[in-house]
Amino acid sequence: QLLDVKKVSEATFFLEHTLPSIQSFTASQQKELVSSMLSNIDGMIHANPQFVSLASNMAFVPTEQGTLVEPHKLFSPKNADLRAILNGSFFPAESFSKHLGALKKLGLKTKADMLVYVTAAESISEAFVSDNMEDGKVFARAQSLFQLLDKNIDLQCSQEVTKLLSLHWVPVLSKSPESALPWKCEREQFLECPNSVVLPEHMWEASAVKYVLQSDKPPSKDLIKAMKW
């Protein structure tokens with residue numbers, strides 16, 4: 001006080017100094033610092049009313065893949081549906097499982113919705129286009145995404161539906177089921193954009209120029225309508 005040094009709260013110090021420079025710390029230090037902050041999340045919010053809005057957009061949470069991500073871009077690893085369609089870069093590191101409540105206050109999502117389905121489709125499509133199928137894991141996530149959308153597609157979410165139409169996330173047959181059938185696809189674990197896919201019932205008319213959907217059962221009427229099949 002004699003030197004007129006301004007005292008700042010722990011919350012402000014994290015926001016202005018620790019989190020912006022989190023990359024300069026070792027991985028173990030990052031986890032320790034972030035864990036300490038999340039353990040006192042209510043105190044942080046009480047000390048600085050802007051803490052949530054500011055911290056939620058700062059990349060400081062270590063993920064299962066070791067990257068640092070903004071809290072609002074993360075998902076709860078306890079949700080089986082989210083686990084089935086997203087890779088480890090979307091989940092906080094295992095050591096943060098005790099802090100999911102605090103992360104939720106900063107934007108971590110706990111349920112699947114159309115925005116999440118688009119996020120999953122974008123991730124799957126990016127992996128497919130870059131030829132990084134992770135030994136079948138990407139194709140498995142695509143199959144899970146297809147099953148979830150088959151049950152939960154929301155036709156009212158027109159923007160999200162439109163985005164899905166241009167992404168490679170739909171599992172298609174890699175081999176012709178009939179020897180005399182013209183065939184476009186000869187690659188294992190192939191994914192296509194919905195607008196390049198036809199239902200199996202139309203394969204005789206279109207298999208030479210379109211890809212054929214791989215599915216154990218016919219899609220729902222809503223998914224057929226949304227994907228323009």
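A residue is called buried when its relative accessible area is under 20%, exposed when it is over 50%, and partly exposed in between, with a 1.4 Å probe and protein chains only. The model is predicted, so local features need pLDDT of at least 70 and side-chain atom pairs count only at pLDDT 80 or more, whereas totals for chains, interfaces and linings use all residues. Residues are numbered from 1 along each chain as its sequence is written, and side-chain values use heavy atoms, with hydrogens and water left out.

Leu-115 counts as exposed, because its relative accessibility is 53%. Leu-115 is placed in helix H7; helices (H or I, at least four residues) and strands (E, at least two) are DSSP runs, numbered from the N terminus. The C-alpha atom of Leu-115 is separated by 9.5 Å from that of Gln-159, although the two residues are 44 apart along the chain.

The aromatic side chains come next. A pair of aromatic rings is described by the distance of the centres and the angle of the planes. Rings of Phe, Tyr and Trp (its six-membered ring) pair if their centres lie within 6.5 Å; planes under 30 degrees apart count as stacked, over 60 as edge-to-face and the rest as tilted. By this rule there are five aromatic pairs. One of them is the tilted pair of Phe-146 and Trp-169, at 6.4 Å centre to centre and 40 degrees between the planes. This pair links distant parts of the chain, with Phe-146 in helix H8 and Trp-169, 23 residues apart from it, in the loop between H9 and strand S3 (170-172). Phe-146 is buried at a relative accessible area of 5%, and Trp-169 is buried at 0%.

The pair of Phe-190 and Tyr-211 is stacked, because the ring centres are 5.0 Å apart and the planes are at 25 degrees. Here too distant parts of the chain are linked: Phe-190 belongs to strand S4 (residues 190-192) and Tyr-211 to strand S6 (residues 211-212), 21 residues apart. Phe-190 is buried, with a relative accessible area of 11%, as is Tyr-211, with 13%. Ring pairs also join Phe-128 with Phe-190 and Tyr-211 in a cluster.

Most residues other than glycine have a negative phi. Glu-134, in the loop between H7 and H8, has a positive phi near 50 degrees and is partly exposed, with a relative accessible area of 26%. Gln-189 lies in the loop between S3 and S4; its phi is likewise positive, near 50 degrees, and at 31% relative accessibility Gln-189 counts as partly exposed.
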